[in-house]
Each structure stands twice: as structure tokens, then as C-alpha cells.
Amino acid sequence: MSLEIEATDVIKIVLQFCKENGLSESFNAIQNECQVSLNTIDSLENFVSDVNGGRWDVVLPQVAQLKLPRSKLEDLYEQVVLEMVELKEVDTARAMLRQTQVFQRMRTEDSERLARLEHLLGRTYFDAREVYGGSTKEKRRAAIGHSLSQEVSMVPPSRLMALIGQALKWQQGQGLLPEGVAFDLFRGQAQGQRDEVEMYPTMTEYEVRFAAKSHPECALYSPNGQMLVTGSVDGFIEVWDSATGKMKKDLTYQSEETFMMHEEPVLCLNFSRDNELLVSGSQDGKIKVWKIRTGQCLRRFDRAHNQGVTSVSLSKDGSQVLSGSFDGMVRVHGLKSGKMLKEFRGHTSYVNDAIYSADGSQVISCSSDASVRVWDAKTCECVGAFRPPQTTTTTDSAINSVHLFPQNQEHMVVCNRSSTVYLMTMQGLVVKSFASGKREGGDFLACNVSPRGEYIYCLGEDSTLYCFGTASGKLEHVVQAHEKGAIGLAHHPHRNLIATWAEEGPLQCWKP
């Protein structure tokens with residue numbers, strides 16, 4: 001059963017925050033615009049006690065921040081004036097009658113009552129029995145205190161911060177937040193270290209080791225940078241702490257030796273933008289969608305493709321899965337329906353990568369047929385097709401991957417099976433090319449772009465990591481990442497960390 005929250009309650013919590021932090025202008029603006037009154041006091045008992053004790057210097061400032069019925073305000077202010085007259089503070093009482101809004105309104109709407117008060121100011125004596133009509137000052141105070149207490153409420157202090165704290169504690173209890181980290185409330189994620197200057201890697205940060213007959217076929221950092229997920233040749237999907245390289249045991253299912261799995265090798269992975277969902281594709285043409293916090297499989301597409309799935313990504317709203325495959329097809333699958341929604345036909349060989357454009361209106365795919373195709377995401381019409389320059393005349397070079405360029409979303413980085421990687425427009429024009437200079441045995445297998453687009457990293461068939469500066473257009477550094485059998489690489493979303501993996505040996509995480 002869902003809880004219903006009144007909008008006025010939310011406004012009151014914001015008003016309380018403004019009041020407690022001295023934001024009086026914001027408090028008044030919100031209260032006037034929303035026509036919602038806070039009407040709370042820190043202690044109801046103390047408030048009534050102050051009224052009963054006639055401590056008007058304490059009561060009136062509190063009342064000024066409350067919205068009370070006119071009749072009750074008039075009773076209160078009248079009592080204050082009467083007591084001033086009794087104490088012979090006539091000038092102060094006269095100033096209140098002239099300047100206070102309560103009495104200004106009384107002058108037009110209840111002139112007789114105001115006239116009686118002004119008459120008392122002109123007297124040289126004060127008769128309590130006459131003024132209070134057979135009652136007493138103490139009884140009048142008690143009646144006013146009781147009456148006002150019906151209009152106000154007492155709430156615990158700092159409700160906004162308390163509610164946020166409770167929500168974060170619940171998220172932490174559910175495994176959504178790691179323990180002992182600061183939380184970026186605005187972004188809605190735990191604070192992670194961010195590198196201000198992009199730099200290429202030079203040394204190993206840590207290694208992730210796998211079983212003797214296993215190795216990762218794919219790996220990916222989560223958008224918030226906290227997780228590194230690997231998909232292995234034995235079908236296992238494992239989640240690691242991206243900072244330490246250790247398995248994340250705060251995920252209950254992993255601590256219990258239960259893992260997300262496919263029956264065949266896992267060839268591709270991708271996250272939803274909110275880090276909640278993980279999509280995986282396998283050698284047998286299946287796609288699975290997981291809730292990474294629980295390890296639960298939320299949706300499976302058992303016949304997503306006829307052959308291995310090489311690429312998966314989620315749409316911006318997380319409702320559709322885009323996939324590419326060895327069967328030469330690019331498809332879109334509905335997360336809700338569990339069915340294929342669209343198919344993009346045109347490639348004549350393996351589709352190695354398929355991604356959405358920055359605004360989601362187009363799909364960009366690349367293939368072993370040496371072409372890049374741009375499709376209308378709605379109509380599935382091919383609106384553009386091109387080939388990057390070929391470095392050999394004998395065979396067409398398969399295209400491994402395409403990547404949107406962070407510095408210009410109308411440009412893309414195209415990596416084909418050669419020793420040159422290209423920065424190109426959506427129309428197929430070459431903006432810049434980056435060559436390793438190696439003529440044989442160094443063709444690129446995989447590519448990635450740094451978060452701000454200052455570097456392009458390519459992993460060669462010689463297991464060397466090539467680091468190109470996009471501004472200079474030059475090869476700035478090389479790292480021997482593995483002995484042999486290199487497969488792929490992944491870049492951390494906001495740190496200078498790069499993961500590389502191969503058919504043999506551990507996954508390596510590199511740092512500057």
C-alpha cells in the first residue's frame with residue numbers, strides 16, 4: 001500500500017528549514033506564495049507557560065510567525081494592552097493601538113472595541129474587576145493560552161534533515177549505498193573521487209584474478225564509478241569495488257556465493273543511467289536485465305538474436321534495450337513487453353557495436369562489413385552510411401566500435417581493425433586521425449575515450465595500450481598491458497583509471 005503525502009506537508013518542512021536557518025525572506029516568500037502557514041512552535045508547554053506568565057516579550061515574536069484567526073489575535077493583543085495600562089505603560093500601549101496591524105484592522109471592523117481601549121488609556125485609575133468583567137487577569141491569560149494552543153502544533157526540530165538521514169540509512173540498509181562514504185545529495189549518489197586533470201596511465205593500480213579456466217570477455221564501470229562489472233567466458237557476471245578491485249561483498253547475493261549468470265560466455269554489458277539496472281548479452285543470443293542491488297533477473301530475452309550478442313545499451317528512459325549481434329542485426333527490445341520492438345537491417349556481416357546518439361533520436365552501428373550506419377531510431381530508416389579510410393587494399397577492415405566524442409556530440413570516434421583510429425562526423429567526414437605507426441601486428445582490437453575527450457585509448461593485438469592526445473593528434477604514451485591475447489578495455493567515468501583484460505592472466509587496472 002502506497003503512502004500519500006500532502007504537498008502542504010512538504011512545504012511546511014521547507015518552511016521549518018528556512019525558519020531554523022534564519023532564512024526569513026525565503027520563509028515569508030514561500031509562505032505568502034503558497035498560502036501555507038507553518039504554525040509550529042518548539043515547545044507547546046513553554047509557549048502556554050509564557051502566555052500564562054504574561055511574558056509578552058517572548059510570546060509576541062513567536063506569534064508574529066504564525067497565522068492565527070483574527071478573533072484570537074485580537075484577544076491576545078487586547079490583553080497585552082490592558083496589562084500595559086495596569087502597569088501605567090500608557091505610551092507603549094498607545095503606540096500599539098496606533099501601529100499594530102491587529103488594531104488597525106479593529107479600527108475599521110470593530111471600532112467600538114477599540115474605542116473602549118482608547119478610553120481606558122485616558123483614565124487615571126485601573127479597575128481590574130470592571131475591565132475583566134468579574135474574571136481575573138490570570139484566568140484571561142489561561143483562556144487565551146488554551147485558545148492559541150489549539151491553533152499551533154509542536155514538531156521535532158530539523159525534520160528535513162531527519163527525513164533525508166532516514167532515507168539514506170534505509171538505502172544503506174538495502175545495499176544501495178556503501179557504508180562510510182559521504183553522499184552527494186544533489187546528484188543522488190555517494191561521493192566518489194574525481195580527477196580534475198586527465199592523464200594517461202603508466203602503472204598498475206590493482207589486479208583482478210579469475211579462475212584458471214576463466215577470463216573476462218567484457219568489463220564495464222558503473223556510471224557512478226563505484227563498481228567494475230565483469231562478464232566471463234564461463235557465464236559468470238561479477239561485481240567488484242572499482243577502488244580496490246575486491247569483490248563487493250556488500251551485495252548479499254555475492255557474499256552468499258550466488259552470482260548473476262548466463263549459460264554461455266557473456267560478451268557485453270551495460271548499465272542504466274541510475275546505476276540500478278545491468279544488461280548483459282551472451283554467446284547464445286540471449287539478453288538478460290538484472291537489478292544489480294539484489295542480483296535478480298528482471299527480464300530475459302531468450303531469442304534476442306540468432307547468434308551471439310555483441311553490444312547492449314539501455315535507452316535514456318531505461319524502457320528499451322538496444323542490441324547488436326553476430327547475426328548482422330541491430331534490434332530494440334521492450335523491457336516492459338519482453339518483445340522485440342524494432343529491427344535495423346542493412347549490415348552484411350557481424351554487428352560489433354550499436355549505440356544511441358546523444359539525444360536518443362538516432363542509432364549508430366558498426367560492423368565487420370567495414371561500415372558505420374546511422375539510423376532513425378523511430379522509423380528504423382538508414383539515414384547515413386560510410387566507411388572510414390582503409391589502410392590496406394586487399395581486405396576491408398572490420399570496425400570494432402564507435403564512441404560519441406565528449407567534446408562534440410556530433411562527432412564520433414571510429415575504431416577499426418587497423419593501426420589508425422578516426423574522429424569523424426555523423427556524415428562520415430574525417431576530422432582527425434590517430435596512428436600508432438606500427439605497420440604489422442599492432443591492429444587495434446578495442447578503443448575507449450576519456451570522459452572529457454582529451455585522450456583516446458586503443459588496445460592492440462600486440463596487447464599494447466596506445467594513448468593518443470586528441471589535442472595534439474599524437475601518440476603520447478604506450479603501455480604493455482598484457483603478455484598476449486588482449487581482448488578489451490574500459491575507462492572509469494571520472495577518474496584516470498583504465499581496466500584492460502586478456503585471454504590469460506588477471507584483469508589489470510591502470511593509473512597515471
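Analyst: The questions below concern a predicted model, and each answer sets a computed value against its criterion.

User: How do you know that the length of helix 1 agrees with that of a helix?

Analyst: Helix 1 covers residues 7-20, which is 14 residues.

User: Which residues of helix 1 are buried, and what makes them line one face?

Analyst: Leu15, Gln16 and Cys18 are the buried residues of helix 1. Viewed down the helix axis, they fall within an arc of 160°, and therefore they line one face of helix 1. Among the elements that cover them are helix 2 (24-34) and helix 11 (159-173). Just after helix 1, glycine 22 has a positive phi of about 70°.

User: What makes the buried residues of helix 10 lie on the same side?

Analyst: The buried residues in helix 10 are Arg141, Ile144, Gly145, Leu148 and Ser149. Around the axis they cover an arc of only 130°, which puts them on the same side of helix 10. In general, an α-helix has 3.6 residues a turn, so residues three or four places apart point the same way. On the other side of helix 10, Lys139 and His146 are exposed. The cover over the buried residues of helix 10 includes helix 3 (44-52), helix 4 (56-64) and helix 5 (70-86).

User: What span does helix 10 have, and what is expected of it?

Analyst: Helix 10 runs over residues 137-149, 13 residues in total. From its first C-alpha to its last it reaches 18 Å, close to the 18 Å expected at 1.5 Å a residue.

User: Why is valine 402 called buried?

Analyst: Buried means under 20% relative accessible area. Valine 402 has a relative accessibility of 2%, and therefore it counts as buried. Valine 402 lies in strand 22 (residues 399-405). Apart from its neighbours within four places in sequence, valine 402 has contacts that include Asp353, Ile355, Ile364 and Cys366, as well as Met412 and Val414.

User: Why is glutamine 35 called exposed, and cysteine 380 buried?

Analyst: The cut-off for exposed is over 50%. Glutamine 35 has 58% relative accessibility, so it counts as exposed. Cysteine 380 has 19%, and with the buried limit set at under 20%, it therefore counts as buried. Glutamine 35 is in the loop between helix 2 and strand 1 (40-41), while cysteine 380 is in the loop between strand 20 (372-376) and strand 21 (382-386).

User: How many cavities of 30 Å³ or more are counted, and what lines the largest cavity?

Analyst: The count comes to one cavity of 30 Å³ or more. The largest cavity holds about 40 Å³ of space. Its lining consists of Asp195, Glu198, Pro451, Arg452, His491, His494, Arg495 and Asn496. By class, the lining of the largest cavity has four charged residues, three polar and one nonpolar.

Technical notes
Residues are numbered from 1 along each chain as its sequence is written. This is a predicted model: local features need pLDDT of at least 70, side-chain atom pairs count only at pLDDT 80 or more; totals for chains, interfaces and linings use all residues. Side-chain values use heavy atoms; hydrogens and water are left out. Helices (H or I, at least four residues) and strands (E, at least two) are DSSP runs, numbered from the N terminus. The expected span of a helix is 1.5 Å times one less than its number of residues. Buried means under 20% relative accessible area, exposed over 50%, partly exposed in between (1.4 Å probe, protein chains only). The arc is that of the directions from the helix axis to the C-beta atoms. Contact means heavy atoms within 4.5 Å. On a 1 Å grid over the protein atoms alone, a cavity is a set of points where a 1.4 Å probe fits but cannot get out, and a pocket is an open set with protein on both sides within 12 Å along at least five of seven lines; lining residues have an atom within 4 Å of a point. Grid points are joined across faces, edges and corners, and a volume is the space filled by probe spheres set on the points. Ala, Val, Leu, Ile, Met, Phe, Trp, Tyr, Cys and Pro count as nonpolar, Asp, Glu, Lys and Arg as charged, and the others, Gly among them, as polar.
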